[in-house]
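Here are my notes for you to read alongside the model.

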Amino acid sequence: MSLQVKQRIPLKIKRMGINGEGIGFYQKTLVFVPGALKGEEIFCQVTAVKRNFVQAKLLQINKKSNFRVQPQCPVYEKCGGCQIMHLRYDKQLDFKDDILRQALKKFKPAGYERYEIRHTKGMKKPDHYRAKLQFQTRYFGGSVKAGLFAANSHRLVPLDNCLVQDKLTQKIVNKAAVLLGKYQIPIYDGRKKAGVRTIMVRKAQASSQVQLIFITSCSLRLSALVKDLHLAFPELISVAVNYNYSKSSDIYGDKTEIIWGKNSIQEGVLDYSFSLSPRAFYQLNPQQTQVLYNEAVQAMDLTPDDHLIDAYCGVGSIGLAFAGRVKSVRGVDIIPEAIEDAKQNAKDMGLGNTYYEVGQAEEVIPKWYAEGYHPTALIVDPPRVGLDKGLLETIVRYAPEKMVYVSCNASTLARDLVTLTSTYEVDYIQSVDMFPHTARTEAVVKLNRKY
């Protein structure tokens, strides 16, 4: 490879990669350029030379794409939160269709060329959609700031008006940062100093109730701060502290305690409501969650005789959508607080056909089979790392007749389908844009067991 770091080259962008970067070829060498769009002719500078490709930074656009737009966010190019805000929104949806095609082409699950990939369902107003905010905290010029790390770094970009965050959650985190400074609360610095490292704020769309978590590496005295926050924002009804003493990039530690207010907030989706404790997972875009869950319900196509397992069930939010349509629902999750929420949510809904258990799905589900529970349907909604290898083996071994896979990572979805398509046919894949302006999409996959 003849290209060298700092070398400047002209490039025509042929397509966009799964991380939103522009991709072109220079003398048969693959070049990745963040910020460049398909069809553009650019001038760029090589920043890294790898074995089979190089990375470069955009210096100049000589021929601009017709679909390039000016991002409304003033820190878009500094912040690592969004990747494709410079692409017109309707074309973002086309790009997310292509993310799935690229992932399938890379991993090649059986019959992938024939899969029906339905066009991504987008939002009418793709801004201020994130109901959950997780900002890092650092000292900046003697005051506390909250924001996100720049891409591939631990350099904080302070954010006080993020265009994809819910406006109320942004106001609360802004105020929290000011109060952390006012009350001289210790702030984590990544090296020696212990203190608050992350602030999480989540708002329930259905009730407008807000919960807040301070993630810290030491004990804190927060009573005065919490009092001031509640006076400023009566929507705030729950405040917790999570203790994370590790040096890893994990956001949360194992111990969480409520220090003020209620244990949970009330959220709703479709035609039911449920509780969310601080650590419990729930989709961060409530508006599109309605769309996503509707798609999951349609894809599952259940009958009153079905028995359903909800793996990675969290607070039970997806499984509860089916509970009134089937004989039974069983859910499993590794977070005890989420399972307690799921049990309470089912009780509050008057459901007598649900059962929830703490544990690893790949361990609990075989145990259920051994105890005589034989589900006819399975829904999985794993984290970005995809399905555990043990769970994949379990699914293929027992093979419930119906299956729906809800994915937030096209690459791990395509990888998992390599195993699943030994037993299942892919009926279709429906993408839902849960994360406008980012290079991520959510997908609902309908699978049917082969005969």
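1. Burial overall. Of the 451 residues in the protein, 55% are buried, where buried means under 20% relative accessible area, exposed over 50% and partly exposed in between, with a 1.4 Å probe and protein chains only. Please keep in mind that this is a predicted model, in which local features need pLDDT of at least 70, side-chain atom pairs count only at pLDDT 80 or more, and totals for chains, interfaces and linings use all residues. Residues are numbered from 1 along each chain as its sequence is written, and side-chain values use heavy atoms, with hydrogens and water left out.

2. Overall build. The protein has nine helices and 22 strands; these are DSSP runs numbered from the N terminus, helices being H or I of at least four residues and strands E of at least two. Its radius of gyration is 23 Å, close to the 22 Å from the globule rule for 451 residues, so the protein is as compact as a globular protein of that length. That radius is taken over C-alpha atoms, and the rule is 2.2 Å times the number of residues to the power 0.38. Along the principal axes, the C-alpha atoms fill a box of roughly 65 × 60 × 40 Å.

3. Contacts. Looking at contacts between residues at least 6 apart in sequence, 63% join residues at least 24 apart. A contact here means heavy atoms within 4.5 Å.

4. Do have a look at β12 (residues 236-243), where eight of the eight residues are buried. From β11 the chain passes through helix α3 (residues 223-232) to β12 in a right-handed β-α-β crossover; with the strands pointing away from the viewer, right-handed means that the path from the first strand over the helix to the second runs clockwise.

5. The antiparallel partner. Strand β13 (residues 255-261) runs antiparallel to β12, and six bridges join them. Here V241 has E257 in β13 as its bridge partner.

6. Cysteines. How many disulfides does a search of the whole structure find? It finds zero, a disulfide being a pair of cysteine sulfur atoms within 2.5 Å. The closest cysteine sulfur to that of C79 belongs to C162 and lies 6.4 Å away, too far for a bond. C79 is buried at 13% relative accessible area, and C44 is also buried, at 0%.

Notes
Two strands pair if DSSP finds at least two bridges between them.
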